[in-house]
Amino acid sequence: MSFIRSFGAAAAALSLLLAGVPALAQEAPQIVGDWHGTLTTPRGPVVLVLYVTEGEDGALEAKVENANQAPGQMADVTSIAVDGEHLSWKIDRIGASFEGDWQAENHAWKGTFNQGGALPLTFEAGLPPPMPVVEGLDGLWEGTAKLNNANLRQVLRITTGERGTIMLIDSPDQLANGVPVEDFRRNGREVSFSLMGGVTKFTGTLSEDMTRLNGAYTNTLNDNVAEVSLTRMQGEAAAPKPPARPQTPQEPFPYTAEEVAFDNPAFAEVHLAGTLTLPEGKGPFPAAVLITGSGGQDRDETLMGHRPFAVIADYLTRRGIAVLRYDDRGVAKSTGDYAAATSADLATDANAAAAYLMTRPEIRHDAVGFIGHSEGGMIGPIAASKNSDIAFVVMLAGPGTHLDQLMLSQQRLIGMTMGASEAQVDKQEPVMAALFRAIADADTPEAGKAAARAVLTPEALAKLGVPANYDPDVIVGQISGPWYQYFLKYDPAPVLASLEMPILAIGGSLDLQVPAEANLAAIKAATAANSDATVTELPGLNHLFQHAKTGGIGEYAQIEETFAPEALDLVGDWIAARFVN
């Protein structure tokens with residue numbers, strides 16, 4: 001979905017975490033049983049419960065539950081093992097894993113949880129303690145929070161069960177979902193709770209009929225106050241239907257859709273699975289490999305109910321262009337470790353996909369190209385620069401400017417749509433710039449991590465709006481590592497300048513993640529020597545190429561359109577003019 005793996009985006013991703021496991025032991029660790037632990041994230045504590053059982057054959061099995069964000073919903077652990085006093089488990093479907101060692105004195109497993117970023121986690125025996133019961137407020141509450149110049153939609157979901165009362169907050173315009181609250185209390189008509197580890201506090205008053213809740217969020221670090229007005233949903237409004245997705249392809253299709261799989265010879269553990277759609281009629285056909293944006297994505301680049309790659313594949317295949325889309329390594333049916341991969345590593349996956357297409361008799365081997373969205377629009381040129389067989393490259397909101405500057409621009413534009421004031425962004429930007437520079441200038445990822453840690457002084461943390469008692473290593477874990485360092489060191493210009501095949505680069509005028517004007521100008525300059533380079537800005541489209549009002553990321557889910565018809569036509573016409581007879 002998004003192009004940048006920023007601190008904020010990584011924190012948002014942690015709201016998807018799960019739970020899980022072990023039992024107890026006295027002398028030697030005994031894993032079978034229930035274990036719980038708490039992750040400290042920038043969005044507040046996430047309680048994981050790991051349930052471990054032993055199968056009939058003696059093999060360990062486990063499930064994980066996110067107890068305070070998705071109670072009762074279990075994720076199957078792909079593999080779990082105890083080697084002496086070392087515990088490891090992983091869930092391939094979401095790229096989550098844990099490695100820890102037995103601490104006999106504390107009767108606990110102490111280690112690290114990893115899901116795109118490393119966080120310390122200790123599992124203690126038993127289930128987590130129940131939450132207090134708050135009576136009379138169960139249900140769905142919706143409204144807004146007015147912060148600076150932004151009106152931010154708010155959704156409160158309150159349920160009471162065996163483990164007490166749980167409230168989760170969605171702030172769609174901040175791309176925050178399922179944020180757990182702490183210290184939830186009601187005293188008569190007065191209601192209070194806190195968020196983000198106590199950084200944000202809410203106090204409000206219920207109406208006499210218990211259908212409205214008015215109050216305010218107060219940020220304890222910067223004294224920001226947001227007025228909040230909420231209404232309790234009744235009847236059908238209490239169970240809203242998800243927005244329609246009218247462009248999602250529906251069977252029967254006037255083409256063939258085939259499940260395929262292929263290996264990446266550069267990485268023995270990477271086996272990629274995908275869908276190849278072949279047009280009706282006699283081939284061979286030109287073909288496009290679709291490359292997803294940042295973060296592990298499935299073959300359809302599924303996001304908020306949208307399946308943009310399914311829409312693109314359907315459109316192009318109907319126009320006589322074969323399309324191969326595949327699950328990223330380590331996602332869905334593909335194997336490999338996505339979290340450990342750089343953009344250059346992912347470029348080898350794209351080239352493996354192109355090589356597979358060139359083994360198919362239905363495909364024109366001189367007309368295979370890449371279509372990459374967001375980070376995929378960076379990966380495509382990298383792959384093409386190392387593969388002389390690639391016939392074309394299409395960049396959908398791919399980067400042309402240097403990546404650290406792009407990230408700073410993104411954070412400024414998106415931050416202000418999320419309620420940050422210009423003064424706050426001005427205060428944070430030098431700290432983020434220093435972090436990016438420290439990571440990029442380091443010779444190794446480990447050196448970059450140490451350099452980033454040195455930047456995060458108490459004064460710097462205060463400018464970022466992080467509590468003084470917050471562990472800076474949690475932030476460093478989200479913005480360091482091989483992917484980040486490669487990303488920040490990468491300069492798109494020389495790679496784009498080296499490409500001799502036809503290039504199409506498009507961007508939306510309302511894209512806040514990869515701002516189109518400066519980005520497309522940089523691509524145009526880099527490809528000036530290419531006689532077949534087309535650079536186009538499409539008015540009114542956001543980063544996902546939807547028709548939008550503001551371009552804010554909170555609009556993505558609410559917009560029914562998945563991919564603008566004029567963007568589809570532009571890509572289809574451009575490829576057809578060059579490669580469709």
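In what order do the 8 strands of the open sheet follow one another? In this predicted model, the order is S19-S20-S22-S21-S23-S24-S25-S26, and the pairing is mixed. Strand S19 (255–263) and S26 form the edges, each of them pairing on one side only. From one strand to the next, the twist averages 20°. In general, strands of a sheet pair through backbone hydrogen bonds, in either a parallel or an antiparallel manner.

At the S26 edge of the sheet, S25 and S26 run parallel and are joined by 6 bridges. Within this pair, Leu-504 stands opposite Thr-534 in S26, and Gly-507 stands opposite Glu-537 in S26. Helix H12 (residues 516–526) packs on the sheet, where H12 touches S24, S25 and S26. The direction of H12 makes about 175° with that of S26. Together, S25, H12 and S26 make a right-handed β-α-β unit.

Helix H13 comprises the 15 residues 565–579. At 1.5 Å a residue, H13 should span 21 Å, and this agrees with the 21 Å between its end C-alpha atoms. The buried residues of H13 include Ala-567, Leu-568, Val-571, Gly-572, Trp-574, Ile-575, Ala-576 and Phe-579. In an α-helix, residues three or four places apart point the same way, because there are 3.6 residues a turn. The cover over the buried residues of H13 includes elements of the sheet, among them strand S21 (285–291), strand S23 (363–373) and strand S24 (392–396). Strand S25 (503–508), strand S26 (533–538) and helix H2 (308–318) are also included in this cover.

Val-571 is a residue of H13 and counts as buried because its relative accessibility is 6%, where the cut-off for burial is under 20%. Leaving aside residues up to four places away in sequence, Val-571 touches Leu-316, Ile-371, Val-394, Leu-396, Leu-504 and Ile-506. The C-alpha atom of Val-571 is separated by 29 Å from that of Ala-341, which lies 230 residues away along the chain.

The largest nonpolar core holds 99 residues, of which Trp-89, Phe-123 and Phe-370 touch the most other members. With residues up to four places away in sequence not counted, the contacts of Trp-89 are Leu-50, Val-64, Val-77, Ser-79, Ile-80, Ala-96, Ser-97, Phe-98, Phe-113 and Phe-123. A second, separate core has 30 residues, including Leu-316, Ile-321, Leu-568 and Phe-579. Of these, Leu-568 and Phe-579 are buried residues of H13, and Leu-316 is in contact with Val-571. In soluble globular proteins, nonpolar side chains tend to be buried together.

Several backbone features were also noted. The peptide bond from Glu-251 to Pro-252 is cis, with omega near 5°, and Pro-252 is placed in the loop between strand S18 (225–232) and S19. Another cis peptide bond, with omega near 0°, leads from Gly-283 to Pro-284; Pro-284 lies in the loop between strand S20 (271–279) and S21.

Positive phi values in residues other than glycine include those of Asp-183, near 50°, and Ala-397, near 60°. Asp-183 belongs to strand S14 (residues 182–187) and is partly exposed, with a relative accessible area of 49%. Ala-397 is located in the loop between S24 and helix H5 (403–417), and is buried at a relative accessible area of 3%.

Methods. Residues numbered from 1 in each chain as written. Predicted model: local features only at pLDDT ≥ 70, side-chain atom pairs only at ≥ 80, totals over all residues. Heavy atoms only, no water. Helix = DSSP H or I, 4+ residues; strand = E, 2+ residues; numbered from the N terminus. Expected span 1.5 Å × (residues − 1). Buried < 20%, exposed > 50% of the residue type's maximum accessible area, 1.4 Å probe, protein only. Contact = heavy atoms within 4.5 Å. Pairing = 2+ DSSP bridges. Right-handed = clockwise from strand over helix to strand, strands pointing away. Core = buried A, V, L, I, M, F, W, Y, C linked by side-chain atoms within 4.5 Å. Axes fitted to C-alpha atoms, helices over the stretch in contact; angles between N-to-C directions.
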